[in-house]
Every structure is written in C-alpha cells, then in structure tokens.
Amino acid sequence: MWYAKSISQIEKELNTDIKNGLSLKEVQKRIQQFGLNQLKEFKKINPVVVFLNQFKDLMIIILIIASIISFLLGEHIDSIIILIILILNAIIGFIQEYRAEKSLEALKKLSIPYANVIREKEIFRIPSIEIVPGDIVILEAGDIVPADIRIIESYNLQVNESILTGESVPVDKNNKVLNSTKIPIQEQSNILFKNTQITNGKAKGIVISTGMNTEIGKIASLLQQEEKDITPLQKRLDRFGKKLTIIILFLCVIFFFIGLLKGEDFITIILTSISLSVAAIPESLPAVITISLALGATKMIKQNALIRKLKSIETLGSVTYICSDKTGTLTLNQMQVEQIWIWNQVFTEIQHNNTCINHLIKAFILCNNSYLDEQKRIGDPTELALLEFAYKNYLSKSHFTEYKEIYEIPFDSTKKYMSKIYQYQEKYICYTKGAFDIIIKQCRYIQINDQIIELQKDYIDKLNEVNNQFASRGYRILGFCYNQWDTIDLNTIEHRINKNMIFLGLAILLDPPRKEAEESVRLCKQAGIIPVMITGDHPVTAKAIAKRIGIIESEEETIITGKELDEFTDEELQKNVIRTRVYARVSPEHKLKIIKALKENNQIVAMTGDGVNDAPALKFADIGIAMGINGTEVSKEASDMILLDDNFATIVKAVKEGRRIYDNIKKFIKYTLTSNLGEIVAILLAPLLGLPIPLLPIHILWINLVTDGLPGLAFSEENAEKNIMKRKPRDPQESIFSGGLSIHILLIGFSMGIITIFSQYLSLQIPTFQEKWQTIAFTVLCFSQLGHALAIRSNKESLFTIGFFTNKLMVFAFFISVIVQILIIYVPYMNYIFKTKPLSIEELAITILFSCIIFLMVEIEKLLKRKND
C-alpha cells in the first residue's frame, strides 16, 4: 500500500533516485519488464461470429431443419420464405449488437500524449506511454496525471478526481504518509491517479503503477472480466423453446403414425407433418419480437433514451432496483450557493438595502480567482458558485474596478483559507474565506446589521450550532470575514489576519438535486422499483440528498460506507443489501459487489452513471444506463442505454415504455400461439374424426406468415394498459405464460380448431358446399384469428372502450389481411396457387358468422375479468 510508505521506502523499493531520476538504460529494462504505459488491447469481437450467433437460438435451429427438409421434398416456396425471415431477423440482431464491446477503445482515447520526467538529472518531455515505475514526474495546474503517482512534494495541490470518484469538487493532495491499512481511493491524499487532472498548484512524484496496473487499468480489466447475463425475456423464450420442441416432436410422431395406419400416401404424410411443425413453431416470433423492440427503441429516442441493445428494453420493464450515482445523475454536478447566513438570518437572494449582506457578497466576488460570464466558466467549482450567486443578484467584478489588488494569500490544504487584500480610497481591505472552524478562530469581532460587536463566547456557540446544523444536512459551509486598515505591513499581514478579523457570515453550498429527481424517485417507488444511491461522496452529504429527493424515507433504510462493505462477508452483504438505500465512499469494486449481491437476491438491477468509475458496474448490471451529455465515452460504451438529456426522469419514461413493449410482446405470443394451436387441433383432430385434413401446407404457411405476421407486428404499436406504472415489477422467475396466458391459449386455441372442423363438417354435409369445404375451413380459421387479434388488444378493456382506430397499424393489418384473403378466394390465379374455390355471398356470410364466435368469446372473458376486479 503505497500511501502508507515513506518516500525513502518507496525510493528503495522501486530502486530509483528522487533527485536524479532513472538512467536511460534502466528505463529500457523497465519497459521490457512492465510494458508500455497503456491499456492492454484485448481480443476484439469478430463480426462474423456475431452474425452466426444470431442462429444459435433453439427455435431458429428447428426452423432451419424444417426449411431444409421442405426444400429437399420439393416445397421450395415454403423453404425460401422461412429462410428469408430467418436472415432478416439475423441481420437486425447483428446491426444492434455488433457495437457491444467498445469500452476499452474509449478508455484508450483518454491516454495522455506527453509528460515531464526527470532522468539522468535532466527534465525530459516524453510520450506518456514511455513512463515506467520509478520515474520521477513533474506536474502543474492543467496537467493530466499520466500514471498512478506517489507525491514526493507539493504546493497548494488540488486535483479533480471526478473521472474516478464521480465527485466534482477538487480534492487537496499532499505528501504525508497515511497510517492505515485500508483507505478508499477518495481518501488517498498522497496518491495521484492516472487520467485525473491537476486543477491547482504543483507536484513532484514517483510513478508507482503504469498501464493495466493503475486504478483506471483495473477498471479496464473489470470491463473485460465481467460477463452479462441474458435478459429475462431471453431466459423465458429459451425455456419456452425447449418445451415447445418436445411437444412438436411428440405431435409430429403421433400424426405421422396415424397417417400411416390410415393408409395415407407416404410423401403426403411427410409434407403434412412438416406443415404441422410449421404450425406448432411460431416462426415469426423472433422477428416480431426484434421488430417490436426496434420500434420501441425508435420511440424512446424521441423521449431522450438511446437504446444500445434492443433486448434491454424488456429488461427495463422488469427492473426492481435502480442503483444511481449521485453526482451528475441525481444532482446537477454543479455547486450552487443555496443560502447565505448572517447573524440569525438566512437569505436565498441579496437584500440590497442590507449592509451586512452587501459586504458578504462583495467578499464572494473579491476573494475569488475564478472567471464567469455568459459564455465561460473558468476556475474552481466552489468559487464559480459564489460568483454565480452574486451575478444572479446583479453584482459582478465590474462593480468593483476601483478596488486594486495588492496581495494574496493563496488557499492550501494546511491553512484551509485564502485572503485577498485590496487598496480602496486610501484604505486597505482584506477579505478572507475558508473552512468555518478556521475562519471563526481568526475573528475577534462580528458584524450584526451595521454594528461591529466583539465576538464573545455566546456568539461563538451560536455560530458553531448553526454550522453543525447545516453540515448535518449535507451542505458545504464557507465562512467569510474581513477587516480594513489605514496602513499595512505585508511582512506581518498573516499574523494580523489570524487575530483581528470581523466575521461576516456563511455561504451554504450544495450540488443540488435535479428538479425532476424527487418526482422521478416517487414514480419509481410507485412502480415498485427501489432507487439506491451509490456515491463516492461523504455519508452526511449523501444522506442529505437522499432524504431530500425521497430515496430515504425511514430510519430502517440504512447507509453503508465503502469501509463497512470491505468488512462484510458475502453472506452479510447479501442480507444487508436489500434494506440499504445509500452507499457512500465507495469504489468501482464496491459497486460491483453491491450489484452482484442484489442479483444473488434475484433482483433485476439497473445502474446509472457517467464516469469511468461507473463502467464496470454499468456493464455487469442487468441494464447499464449512461449519461449522454456529461457521460464519458467509457461509460457510454459499457452501457445498454444512454440518457440523451442526462435526466433521471427519462428512466421512468423508459421503464413505462419497457413495460408496454413487454405487454405487447405477450399479446403477440398469446395471439400467435392461440392461432397455431387452432391449426394443430384442426389438422390433428380432423383425421381422428374421420374427416379429411382440412388445411394444405401452403394454407398453414399463409396463415402463419401473413395472417399471423401482419396483426402480430401491429401489437407493437398498441398503447399502454391503464395503471401500467402502478404494477409491481415482474418476478424475475415469472413464467412467460403467467397471468392466465396459458389457459387463454388452450381454451381459445382449442375452440378455434373445433370451430374450423365444425365448419368443415357442415360444408361436407351440405351438397352445394361440398366442393368448397376446404376454402370455407381455411377462411373460417383465417378470419377467426383476425377477430382474436382485435379482441386481445387490451387485456381487460373491451375493444369498443379502447376504440377500433386507436391502433392505426392494427387497423391497416386487419383490412389488408381481409382483402388479401378475399383475393385468394375470388381471383382465379390465386385459386390455382392456394387450391381454393370462389364462395357465394351466402357461403361467405356463414363463414364470417362462424369466424365471429372467437371474438365474442374473448370479449366475454374480459368482461368477467373486469367484474372480478
């Protein structure tokens, strides 16, 4: 642990010289030993493999086999149509998933081109990839840290570590040894980490780690090591495919032997068995699911959610936990002055007639080194917040041009304050800002309204009480004081400042929550989703923000720190993770532990984040959600979804959309499996009843690919069910046939087959219908399925309540399917292809009446559901 070792220990261990640096010969040896200071490029994914993986699904394999057999037996049209659907599905899947593994390339873009090092007593400016452990590096404000470095010496050093910790406020750094065995990254004050940025001061340090051994390198390794589980929909479809395969094989064998026993032609029975397998397998299911997800992804872009992996849409709809980084996701990632405090008074804006307030705001502006205008924000985030508060109240540096700066005492981590001295109208005015406990010690007086009063103990006690109240609520507090003199001696000015200042007031700062965050958290909880804050910030600040936006609402909802996480066993973490709502002072490894523990509790976990530190957790979560505006390329490439507006509220919209899409996919499954069962019942049961096989192979193919396909696709445009966001998330172990779906499929599917057989039987009994019995049976089955599609557009509401025209795509699909079926019946060329015969008006009317039975059955089923609710 480098932070716990002295400089001399490190110098000896790394065999280097902090004054003269390494020799050039030694550098070459270490490059051979440790490699270049860059992130390792792992084996890239092969696009051919990605494409071929689209055909690994069990149902796809069955369809390929069926297609080959059809082709060999001369059914070329059937075979070609099936293959076209399979290839289309594979192309869509390939396009969406090929970009899945780019996280390391994004990390490599963060590499720093050059760095200043001491070698052989001289300063060299070298490409940063040539830096080796033991090199002595010189850094100053504006530099990007080229490797992990132990500080040898520093001056007023501050570093922006948001790329690693996610926290926007620069942290102080120094060379002091830390006497502890386990210190989180955020508190390793004598270590500089690769790719963080020096915001103030200077430093000299020893390189302790390069390349993949740095903290950011470890993140790159984690991105490679963590594999993502398949989504819940994939799991359900996989289980469904295996069960369906067994059923198909069983039915085909039964049908084949029944045909042989009845003396059917061998070739005919083989072709019909293939037709039966086509009827049993919903071959349009993979394509329609993919297209439904793609259409949903297009809609979500309009709502500022960019989906990188289609199947993640379904995962969103079943999420039970959202683990969100605080800074930049739930908050604005921009410090703001929320209030100012002067004696016993709190203000959110300037009262220009209040002398004390005006004096305090003057201190905001003059005791400040940052720059702010409408186009630029340059400097420290806290100082910018002070300027912004002043500018909002119509005060800026332009109002104080007569103040001439003559001296500055810069801020450093030891003194914890800064002062600026100005000459104004033959007076010398000093303004000081800093940590409250330091400022209060410098003050002998306090300004209350227009009076300056000696700062007695009861005043100090009151000030301490106020400071503690604001600190306990997660605010950052800055104290301000001033004094003025007729003469000044710059040699003794610090002594003068430390004893005789006049206390002005406090600036109460916070990185505030986004306006939409509170409402979004409420909606998440209403939808049965538990929001969790995971941050590198201080526990007090994290708790304050969490309470403010509603993540924490009771004392039972706990806060755990990174140190506590390290002390937990896996069993303890798995137990505590369910009731913990805030994690503070955590590292990327901690985030992974949290998500793993939640997943071990059978939770479906979403993780939002914007920094490099979030990337491993984004990748391992069931769905990783990155920020589009402030997010790093690393986090975006590791994610499944990107929020284009960086708005937590967009997640709620995405969850609703995910639930709607999943509902509509289940409607399509209900529709297509019911239709296919109707076909199976008609084909299998008719011969057992002594009737001819009612459907030819081309009839079955037509119904499956056209009648099923068009309305099936239209389900993707169906509106959300009422109260969709008041339902609890689906159980991760829930069967795809839950909620009465299997009963509906069996009841309506069997009824559909019986109605088809009955229409066939009736046609054979009526002399004028006998030549057209197959056309009638074919049309009854086709129109019954279309009526079924209309009836199941809502799970409970009647079609007449939701409105026939509310889904325009469904209306289009319905009329197109009806028109094409009419053409098949009445166009001579279509009669030849489909072996149909024209029906009379009377025959068509009877056919339509039979077809309406299924629609009425489903409407009655929904009526009973509404009465039971």
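In this predicted model, Gln-188 touches Tyr-3, Lys-173, Leu-178, Ile-183 and Phe-193, not counting residues within four places of Gln-188 in sequence. Gln-188 sits in the loop that connects β5 (171-172) with β6 (191-192). Its relative accessibility is 10%, so Gln-188 counts as buried; the cut-off for that class is under 20%.

Ile-448 belongs to strand β17, which covers residues 443-448. Ile-448 is classed as buried because its relative accessibility is 13%. With neighbours within four places in sequence set aside, the contacts of Ile-448 are Trp-343, Ile-453 and Tyr-459. Thr-355 is 93 residues away from Ile-448 along the chain, and the C-alpha atoms of the two are 9.4 Å apart.

Leu-463 and Phe-503 lead on to the nonpolar cores. In soluble globular proteins, nonpolar side chains tend to be buried together. Here the largest nonpolar core comprises 81 residues, and Leu-463, Phe-503, Ile-551 and Met-641 are the members with the most contacts inside it. Helix α26 (residues 648-688) supplies the largest share of this core, 10 residues. Another core, of 45 residues, lies apart from the largest one and includes Ile-683, Phe-715, Ala-791 and Ile-825.

Definitions and conventions
Residues numbered from 1 in each chain as written. Predicted model: local features only at pLDDT ≥ 70, side-chain atom pairs only at ≥ 80, totals over all residues. Heavy atoms only, no water. Helix = DSSP H or I, 4+ residues; strand = E, 2+ residues; numbered from the N terminus. Buried < 20%, exposed > 50% of the residue type's maximum accessible area, 1.4 Å probe, protein only. Contact = heavy atoms within 4.5 Å. Core = buried A, V, L, I, M, F, W, Y, C linked by side-chain atoms within 4.5 Å.
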